[in-house]
Amino acid sequence: MASLQASNLLSSSSSSSRASSSSKRINAAISVPKLLRIRFPVPKTPSTNLVEDLLLRNGFTNTKQIEKIVTLPRIDEEPFANSSTSKATAKLYAILEAVADRVEMHKNVGEQRDNWNKLLLNSINMITLTATTMAGVAATGGAGAPLLALKLSSTLLFTAAMGMSFIMNKIQPSQLAEEQRNATKLFRQLYSQIQTTLALYDPTELDVKDAMDKVLALDKAYPLPLLGKMIEKFPAKFEPTFWWPKSQDFQRKSKRPGKNGWSEELEVEMREIIEVIKRKDTEDYMRLGNLALKINKILAISGPLLTGIAAAGSAFVGNGSWAAIVAVAAGALATTVNTFEHSGQIGMVVEMYRNCAGFFSLVEESIESSLEETDIDRREDGEMLELKVALQLGRSMSELRDLAQKSTYSRIEGTTIDEFASKLF
């Protein structure tokens, strides 16, 4: 009995202790603050009566049953795919990407061809000087096999230098590099023009056609390949470069009221500027271009010719003193001519004059195309054209007007104006 009572006491004490501990746990749980329960509303799917609800809210009570189901456009659909403006914009962006690619191509090719000029010039001069030294050493004495070896080596080196010089003078690497530099600059300019069109206007198919024509004209003016399409480096007549389309009939119609920034004074001013450019700038660059082309022709012929004479003279070294003199003197002169032609980059100078003459022709043509347009609304804005011409010639607006007045006075007095239109070139 005593054991049963003891067990009952132990069980009751343990149950009471568990109850007390559980109560403590409950109290502890109750003492912790409850977290706020936030309910997020689930968006309802739009019903087919969405338009009816909108009409009723706006006060339109007499509505008819709408049978058509309103469908929202999908994200992957193009809502303006049929719009002519968006198509023209997409085409202009495609042309913009092609222009950016051409900028990189012409830049890389220009650097490569500039390296050609340096490497070929150094190689030809080293070969020529080595052959000249061999010819001189062979003339100092010796006979038999040593003399034959020096003569043969000198002749072979002179012949190799003559062939390399002929090829180098034919392709004119310095002129090729200048062509690619000009092409890079003009493609960057076209890139900026297309960006301006996209930013300021609503592009049309005429904008796309105009951009395409300009890209193709630049491709034709500055070709990348050498074989078949390379620009003739020694033409019979010096001519300026033309990198713009021949027919530039596209002019954006102005929305500006009135005379579109034009006046009689502005027309007279623009005509006088054209006369100054023709009589001074274009004529001067054509004269200098012809002179540089003639000098380049003489040097291009003289270099390989002197190297060939040196090769012939080195073949007869040992048979007389004159052979050695001819070989050494001709080799030294050939090195001098090649250095003057390619280190002086006469071909680059010719291309620079061609580009400058073409630039002035473009300025003349842009002014004349605006003046010849009878519909004033289709002309380029007069004030904007005057600003562009002033910037292209490196002058302020007031200086441009003063130049036009000087041209008028000199023409009336029968004298020649002593000032060039451009202050940049």
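Me: In this predicted model, the axes of α4 and helix α7 (residues 264-315) come within 8 Å; is α4 roughly parallel or roughly antiparallel to α7?

Reply: Two packed helices are described by the angle between their axes and the distance between the axes. For α4 and α7, the axes cross at roughly 170 degrees. An angle over 145 degrees counts as roughly antiparallel, and therefore α4, relative to α7, is roughly antiparallel.

Me: In which kind of crossing does α4 pass α7, left-handed or right-handed, and which residues of α7 make the contact?

Reply: The crossing of α4 past α7 is left-handed. On the α4 side, the contact is made by Lys151, Ser154, Thr155, Phe158, Thr159, Ala161, Met162, Ser165, Phe166 and Asn169. Facing them on the α7 side are Leu299, Ala300, Gly303, Pro304, Thr307, Gly308, Ala310, Ala311, Ser314 and Ala315.

Me: How many residues of the contact of α4 with α7 are nonpolar?

Reply: The residues of this contact can be sorted by class, and one of them is charged while nine are polar. Since Gly is counted among the polar residues, Gly303 and Gly308 of α7, which take part in the contact, belong with the polar group. The number of nonpolar residues in the contact of α4 with α7 is ten.

Me: Helix α4 (residues 145-171) also packs against helix α8 (residues 321-343); is α4 roughly parallel or roughly antiparallel to α8?

Reply: The axes of α4 and α8 lie 12 Å apart, and the two helices pack at an angle of about 25 degrees. Because angles under 35 degrees count as roughly parallel, the description of α4 relative to α8 is roughly parallel.

Me: Which residues of α8 make the contact with α4, and how does α4 pass α8, in a left-handed or a right-handed crossing?

Reply: As for the handedness, α4 passes α8 in a crossing that is left-handed. From α4, the residues that make the contact are Phe158, Ser165, Met168 and Asn169. From α8, they are Ala327, Gly331, Asn338, Glu341 and His342.

Me: How many residues of the contact of α4 with α8 are polar?

Reply: Sorted by class, this contact has three nonpolar residues and one charged residue. The remaining class is the polar one, and its number in the contact of α4 with α8 is five.

Me: Within what distance do the axes of α5 and α9 come, and how many charged residues does their contact have?

Reply: The axes of α5 and α9 come within 7 Å and cross at roughly 35 degrees, and α5 passes α9 in a right-handed crossing. The contact is made by Ser174, Gln175, Glu178, Glu179, Arg181, Asn182 and Lys185 of α5, together with Gly347, Met348, Val350, Glu351, Met352 and Asn355 of α9. These residues divide into three nonpolar and five polar, and the number that are charged is five.

Me: Is Gln172 buried or exposed?

Reply: Gln172 lies in the loop between α4 and α5 (173-200), and its phi is near 50 degrees, a positive value in a residue other than glycine. Its relative accessibility is 0%. Because a residue under 20% counts as buried, Gln172 is classed as buried.

Me: In which loop is the place of Gln345, and what is its phi?

Reply: Gln345 is found in the loop between α8 and α9 (346-372). Although Gln345 is not a glycine, its phi is positive, at about 55 degrees.

Me: How many helices does the protein chain have?

Reply: Of the 425 residues in the protein chain, 35% are buried. The chain has zero strands, and its number of helices is eleven.

Notes. Residues numbered from 1 in each chain as written. Predicted model: local features only at pLDDT ≥ 70, side-chain atom pairs only at ≥ 80, totals over all residues. Heavy atoms only, no water. Axes fitted to C-alpha atoms, helices over the stretch in contact; angles between N-to-C directions. Helix = DSSP H or I, 4+ residues; strand = E, 2+ residues; numbered from the N terminus. Parallel < 35°, antiparallel > 145°, perpendicular 65-115°, else oblique. Left-handed = near helix turned anticlockwise from the far one by under 90°. Contact = heavy atoms within 4.5 Å. Buried < 20%, exposed > 50% of the residue type's maximum accessible area, 1.4 Å probe, protein only.
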